[in-house]
Amino acid sequence: MASYAERLEPVWREGSGLASWVGTVDHKRIGLRYLYTGFAFFVIAGLEAMLMRVQLARPELAVLSPQAYNELFSMHGVTMMFLFATPVLSGFGNYFVPLMIGARDMAFPRLNAFGYWVFLGAGFFLNSAFIIRQAPDDGWFNYLPLANANFTPSLAIDFYALGLIFIGVSTTSGAINFIVTILKLRAPGMTLNRIPIFVWGELAFALTVVFALPALTIASVFLELERRFGFHFYDAAGGGDPVLWQHLFWFFGHPEVYLVVLPALGLASAIIPTFSRRTMIGYTYIVLAELFIFVISFGVWVHHMFAVGLPTIAMGFISAASFMVVIPSGTQIFAWLATMVSGRLVLSTPMLFVLGFILLFVIGGLSGAMFSAVPFDQATTDSYFVVAHLHYVLVGGAVFPMFAGLYHWGPKILGRKLDERLGKISFWLMFVGFNLTFFPMHIAGLLGQPRRTYTYHEGLGWDLPNLLSTMGVFVMGAGILVTFWNWLRSEHQGELAGDDPWGGETLEWTTGSPPPEYNFETIPTVRSREPAWDQPELHGGAQPPEQGGRPLTAGHTTLSTSVTDAEPQAIVRMPHASPWPMFLTLALMLTFYGMLLSSWGVAVAGAAASVGALMGWLWPRGETQET
Amino acid sequence: MLSPEGESARRIDGLWWLMFWISVVVFAAVAGLMAVAIVRRRRRGPEVDASEPRWGDPFVVIAGVIVPAVILTSVLVVSARDMVAITNAGDAQLTIEVIGHMWWWEVRYPGGVETANEIHVPVGETVRFEVSSVDVIHSFWVPELAPKVDMIPGRTNVLDVRAERPGTSRGQCAEFCGLQHANMALFVVAEARAEFDPWLRNEALPAPVPGPGATAGLGILLDSSCVGCHTIRGTEASGTLGPDLTHVAARQTLAAGTIANTHENLAAWISHPQSIKPGAVMPPTDLSPQELSAVVEYLEGLT
Amino acid sequence: MTVAAHELEPTERLDEVLPSNANGSASFAWWGMVWLIATEAALFGTIIVSYWYLRFRSAPAWPPDGIAKPELVLPLIMSAILWSSSIPVHVADRAGREGDERTLRIGLLIGWVLGAAFLALLLTVEYPEVLREFTPRTNAYGSLFFTLTGLHGLHVAAGLSFSAWVQVRAWRGAFDAQRHVSVQNFAMYWHFVDVVWLFVLLTIYLSPHL
């Protein structure tokens with residue numbers, strides 16, 4: 001009788017040719033693609049920022065023209081928010097959610113592949129604007145009337161609107177995939193109170209996308225209809241209102257930033273117990289805090305509009321809600337600190353990045369709390385003070401956890417350890433460089449420097465903060481490069497990691513590094529919140545059937561379990577590799593380029609091809625339940 | 001901020017320092033706990049500790065929910081009080097309209113006075129600004145005096161400002177408005193009524209009659225493309241696309257605070273505005289150097 | 001196309017067997033449809049909120065600019081047709097769960113015809129009549145009218161395509177009492193489209209009369 005591994009391997013193996021590369025549906029390969037592509041966009045957006053900082057190093061420099069600067073700051077924001085932050089956190093989620101919940105893949109493997117291809121296609125679509133020097137130039141929140149056809153007749157805003165609709169397809173399909181995976185594919189025994197906090201964070205992210213992203217999609221659709229066909233949504237003369245754009249955008253935009261931060265906080269929660277050598281104190285509070293943030297984040301969008309001239313009473317309510325949403329973030333921080341204090345900290349690189357994250361996120365959260373005070377917001381919004389705040393929460397609160405994640409899970413992904421010394425060098429360069437770049441911006445803002453300005457005059461007291469910021473960005477950049485170098489070098493030269501180099505508590509540490517295609521030889525039955533610590537039989541990834549393991553070696557299958565109690569309900573057949581997600585993406589790209597260039601023949605052809613590709617995808621082949 | 005000259009700015013300054021010191025204490029607490037965790041890390045203990053210390057949940061609830069709630073509620077109360085006070089700053093004795101353009105500020109006083117980019121206000125009195133825009137969204141922000149308010153086409157927003165001391169405060173547009181958003185500044189000059197009233201009376205007068213040396217300049221100007229955009233009250237120049245120039249020589253700066261109002265700068269601005277403010281709506285002039293010199297001499301008489 | 005005979009498979013954990021077909025809330029696809037409907041609902045909700053926002057901000061007369069209040073007769077007839085289509089679809093859904101292939105096929109077909117009638121009336125009667133008075137380019141009222149009803153119409157069209165695909169498979173015998181989640185998903189989607197129409201009717205057609 002062949003071992004489980006020997007029986008599973010031929011069923012799950014995807015091969016290594018072009019067909020496999022195009023058609024892979026393995027969540028680990030797709031997750032890794034999200035990571036690599038997302039970090040590539042991170043580098044692009046970082047270079048955009050470096051150019052901007054060079055232009056602002058001294059007053060009245062002419063390194064960049066105003067138009068070039070405006071394109072750079074706009075694309076920096078768009079790229080960081082849509083092509084880096086969400087994709088990278090989706091990448092970690094894609095790779096590790098199925099592993100952490102004891103599943104063999106995501107719920108919809110082909111949809112997963114599709115989400116990646118659309119991300120790549122939409123990222124290309126947006127950045128192709130640079131080729132014709134018509135990149136979006138009205139900022140990442142693209143206010144009207146400046147963004148209408150009258151004031152910006154070029155294709156810049158059409159790239160923006162169509163590009164965001166396009167990437168929204170990827171984000172939405174990814175979100176639905178995460179929700180169904182987390183609800184339905186958890187290993188038997190993984191009840192709600194045993195779900196790892198990182199998984200809760202990805203669930204909160206996905207739920208936010210489902211309910212908040214449509215506002216941005218509709219806002220963009222309205223914008224294109226107005227720009228292209230003369231509809232009226234945002235022009236006062238036609239009965240519209242430019243402030244409608246602001247409401248729609250920020251109704252999405254505020255949940256969006258929590259959507260970025262929640263999985264990152266979850267990532268920190270994945271690392272802290274391991275590197276404190278103890279279980280998390282306040283698990284229930286942390287989970288409730290994440291869900292509380294998710295709910296309240298939908299009620300505060302107006303705090304981005306306190307200078308618009310809205311009624312005082314309305315602003316008062318939003319102010320109260322904005323102060324309130326600070327509390328659950330604070331709850332998580334003190335739960336983590338309690339865990340760290342009563343544990344025994346291990347100061348390896350992942351933990352250093354987490355410590356740095358906590359300090360920076362607290363600073364960002366404190367400056368953010370200040371913005372809940374309406375008069376203070378009205379004084380400092382649209383100045384460099386808010387630029388400082390947003391970077392402290394986004395870089396401190398999301399990028400630092402991502403780097404922690406690279407060091408924490410790198411050995412699992414690569415099968416080899418990353419170099420600790422390089423890791424520490426990278427951390428310190430990034431931490432010092434980040435503070436040098438962004439702390440002075442608080443001061444520049446308080447001294448009256450507005451944001452989104454391609455230059456400034458001397459003698460206003462802004463010279464020194466700007467120079468320090470420019471210097472800092474190179475230090476931070478160097479630190480980032482050190483980690484990338486570390487990763488690339490460790491791929492082939494790192495010390496072999498083994499299954500569990502850190503002594504982790506969650507299921508991914510019970511199987512190989514990297515995990516086999518089928519993830520676990522047997523789908524485990526989980527009896528604890530820290531299964532890798534409490535159930536020694538799990539190590540090796542093959543919990544014996546007598547203790548609850550389910551081999552499921554007969555086919556390309558995984559288990560469907562109930563939503564709350566994770567009771568097994570059915571055996572579900574999963575699809576094999578398929579080229580149709582990529583074909584559909586190419587058809588959609590044709591459609592979007594056709595719409596961009598007003599080539600309606602091309603757009604219709606693309607739409608027809610998309611329908612065809614969708615039919616090819618869904619055509620019953622006996623692979624899944626759909627015969 | 002950090003050097004308030006106006007009543008609202010002073011309130012906000014107080015609010016800022018309150019929140020700043022609270023933040024310092026909170027950050028110190030977090031950093032302190034982190035330091036404790038780092039220092040304690042080498043003590044002996046089980047390989048993996050699964051105990052649930054009795055202080056765990058109470059600590060999280062007290063430090064993570066109750067204390068923040070108390071602090072934040074207190075700040076909310078202070079901020080709400082400040083918000084109401086700033087909004088109801090008292091009856092305004094003077095209302096000034098400011099209308100945003102790409103990339104300059106149209107300023108209108110009661111009684112038909114129109115100027116641009118420089119606003120004078122009487123010290124110690126509440127002035128009500130009514131702001132709007134003719135094109136895209138701008139934002140009226142003079143940090144030393146008051147918070148900002150957006151200037152939105154199709155609506156009028158209101159900001160009450162009370163300067164507490166004489167002086168000049170710099171402001172800058174604070175809502176991205178296109179190519180030259182960075183060069184859309186303004187100056188607010190707060191002065192006692194003894195200086196303000198004569199200033200306003202002078203602004204209400206039509207342009208001074210040019211002296212013998214400047215008459216030629218006026219003639220050239222009236223024949224040039226300048227009159228398509230600019231008004232000089234008391235002459236035939238009545239264009240409305242650009243700033244009113246009736247008393248341009250009395251202003252401290254040109255091009256919305258971009259350059260000082262000097263002879264060289266004025267000549268440079270007229271002859272090649274695009275090199276000073278690339279993308280500005282004002283086109284380069286086709287005047288010859290002698291014509292330019294004459295026009296500048298005329299304009300310098302418009303005090 | 002035949003259906004696999006066995007419904008229970010061993011998990012290889014001792015003697016345990018589990019169903020190898022998942023329907024309803026045991027099925028991933030079913031949950032996928034639920035969340036797709038959730039995000040589509042948010043999409044329509046956004047347009048409806050935008051309608052109310054722009055209406056609230058405009059002058060008291062609504063419709064503005066002298067446009068007459070919307071005619072109700074045709075929309076009410078269309079509503080009756082669309083909502084009644086949910087009945088055969090529901091019957092088909094139940095039949096699918098019970099393995100009654102004949103009722104399933106007929107129910108889906110009737111539902112399709114009624115849905116197509118709704119769409120035909122929208123495109124060939126309602127829209128041309130409305131366009132005589134205003135277009136999407138006239139003002140925000142017109143833009144909102146056509147965007148909201150148009151997006152709903154697109155969803156009806158998508159539903160008709162979905163239905164056609166399910167019907168082709170039903171006629172080829174793909175469904176039985178153990179395998180029918182696609183029918184359930186289609187029915188859920190179709191009922192959703194009907195519910196959205198209720199909100200479109202209330203907002204666009206009825207609210208100006210109140």
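In this predicted model, in which local features need pLDDT of at least 70, side-chain atom pairs count only at pLDDT 80 or more, and totals for chains, interfaces and linings use all residues, 71 residues of chain B are in contact with 67 residues of chain A, two residues being in contact if their C-beta atoms, placed from the backbone, lie within 7 Å. Of the 2 pairs of chains in contact, chains A and B share the most contacts. Residues are numbered from 1 along each chain as its sequence is written, while chains are lettered from A and ligands numbered from 1 in the order in which they are written.

**Chain interfaces**

- On the side of chain B that touches chain A, the elements giving two or more residues are helix H1 (7-39), helix H2 (56-87) and strand E7 (149-151) of chain B, where helices (H or I, at least four residues) and strands (E, at least two) are DSSP runs numbered from the N terminus.
- H2(B) gives the most to the side of chain B that touches chain A, with 18 residues, and that side divides into 44 nonpolar, 14 polar and 13 charged residues.
- For these classes, Ala, Val, Leu, Ile, Met, Phe, Trp, Tyr, Cys and Pro count as nonpolar, Asp, Glu, Lys and Arg as charged, and the others, Gly among them, as polar.
- Chain A also meets chain C, with 44 residues of chain A in contact with 42 residues of chain C.
- Helices H6 (156-184), H7 (197-229) and H8 (242-276) and strand E2 (568-573) of chain A each give two or more residues to the side that touches chain C, and H7(A) gives the most, with 8 residues.
- By class, this side of chain A has 26 nonpolar, 14 polar and 4 charged residues.
- No contact joins chain B and chain C, whose closest C-alpha atoms lie 11 Å apart.

**Helix packing in chain A**

- The axes of H8(A) and H11(A), taken as lines fitted to C-alpha atoms over the stretch in contact, with angles running from 0 to 180 degrees between N-to-C directions, come within 9 Å and cross at roughly 15°.
- That angle makes H8(A) roughly parallel to H11(A), because angles under 35 degrees count as roughly parallel, over 145 as roughly antiparallel, 65 to 115 as roughly perpendicular and the rest as oblique.
- H4(A), residues 66-100, packs with H8(A) at an angle of about 35°, with their axes 10 Å apart, and passes H8(A) in a left-handed crossing.
- Among the residues that meet here are A:Met81, A:Leu89 and A:Phe92 in H4(A) and A:Glu256, A:Val260 and A:Leu267 in H8(A), and the contact divides into 8 nonpolar, 2 polar and 1 charged residues.

**Buried sites in chain A**

- H11(A) is mostly covered, with 17 of its 17 residues buried, a residue being buried if 20 or more other C-beta atoms, placed from the backbone, lie within 10 Å of its own, exposed if 12 or fewer, and partly exposed in between.
- A:Gly102, in the loop between H4 and helix H5 (109-127) of chain A, counts as buried because it has 34 C-beta neighbours inside 10 Å.
- Leaving aside neighbours within four places in sequence, A:Gly102 is in contact with residues including A:Arg186, A:Met190, A:Leu507 and A:Phe520.

Definitions and conventions. Left-handed = near helix turned anticlockwise from the far one by under 90°.
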